[in-house]
Amino acid sequence: MPAGSPQAARHATTLANVAIDLAREDGVPARRAVYLRPVRRLHNRCTDAAVARIANAVEIVASGITGNRLEVHAPHAAAAAVLVADAPRHTNCHHLALRILREIASAHRHASGSTYRRLVRFSPPLTAELALAAIRHALLPGKVRVVYTLRAFSCQQAIYMGPAIGRRYRNSNLGAFVELTSGRGVGHGRFDANRVDRARITPLGRVGGQPCT
C-alpha cells in the first residue's frame, strides 16, 4: 500500500499497531514520543475514537502531504502532530483531517497582497513545518534553498533563495523572507510552532532576518 493512502493502516487493531504502521510508512523507527503518544492523544480527544478511525485521520492528512509533494521528512509524523495540535476534546477528527488536507493543498488561495508583501492565513492552524512546506510548494517559484532560519520568542523566520525568486524580485541578491506567527501575534505572547495561523512573505537579502514584526 503506497504511503499516504487513507487505507494504509485500516487493519491495525491497537494504537501501538497504528504507531508502528505509520512509522513504517515513514521509513523510520517507531519512536514513542513521535508516533504512539500522538495517536493516544487523538484517541482521547476524538469523538470518532475507534483505532481504525484514528489511523484513517492521520493517513488522510499524510496523503495531502505526499500527494502535494510537500518537503516533509516524515509525513505521517507530521500529520499526527498537526492533528493533535488542532484537536481539542470532543473533536470529529475525520472532519478535522479533511479541513487540514484542504488547507495544506491550497495555501495559494489564502494569500493576499502584492509581489513584495504577501500575507497568508491558515485555518485551521498548521505546524510550522507544514506551514513552511506549504509556502515553499505553493508560493515560492522554482527551486529554492534555505539560507537563514530563526526561532524567536514571538515568531519563526526563514529566508529562501533561488534563481526564480531573484527574477521575481528583479534582484538576484534577494530571497523570500518568510515570517510565521501564531495566536494574538508579535508582542502578545510566545510563538506556538504547533499553531501557526499567519505568514508574511517579503524580499530580503541572505545576511539575516529582522526583529519579529
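This is a short tour of a predicted model, moving from its cores to one helix and then to its disulfides.

Start with the largest nonpolar core, which has 61 residues. Select Leu42, Ile65, Leu83, Phe122, Ile135, Leu180 and Ile201, the members that touch the most others. Next, colour helix α3, residues 51–67; with nine residues, α3 gives the most to this core. Another core, of five residues, lies apart from it, and Ile159, Met161, Phe177 and Leu204 are among its members.

Now centre the view on Leu83. Leaving aside residues up to four places away in sequence, Leu83 touches Leu42, Ala57, Val58, Val61, Cys93, Leu96, Ala97 and Ile100.

Move to helix α6, residues 128–139. From first C-alpha to last, α6 reaches 16 Å, close to the 16 Å expected for its twelve residues. Nine of those twelve are buried, including Leu130, Ile135 and Arg136.

Finally, show the cysteines. The model has two disulfides. Select Cys46 and Cys93, whose sulfurs are 1.8 Å apart. Cys46 sits in the loop between α2 and α3 and Cys93 in helix α5, so this pair ties together parts 47 residues apart in sequence. Cys46 is buried at 7% relative accessibility, and Cys93 is buried at 1%.

Then select Cys155 and Cys212, with an S to S distance of 2.1 Å. Cys155 is in the loop between β3 and β4 and Cys212 in the segment after β6, so the bond links parts 57 residues apart in sequence. Cys155 is buried, at 0% relative accessibility. The torsion about this S-S bond is about -70°, so the disulfide is left-handed.

Key
Residues are numbered from 1 along each chain as its sequence is written. This is a predicted model: local features need pLDDT of at least 70, side-chain atom pairs count only at pLDDT 80 or more; totals for chains, interfaces and linings use all residues. Side-chain values use heavy atoms; hydrogens and water are left out. A nonpolar core is a set of buried Ala, Val, Leu, Ile, Met, Phe, Trp, Tyr and Cys residues joined through side-chain atoms within 4.5 Å. Buried means under 20% relative accessible area, exposed over 50%, partly exposed in between (1.4 Å probe, protein chains only). Helices (H or I, at least four residues) and strands (E, at least two) are DSSP runs, numbered from the N terminus. Contact means heavy atoms within 4.5 Å. The expected span of a helix is 1.5 Å times one less than its number of residues. A disulfide is a pair of cysteine sulfur atoms within 2.5 Å.
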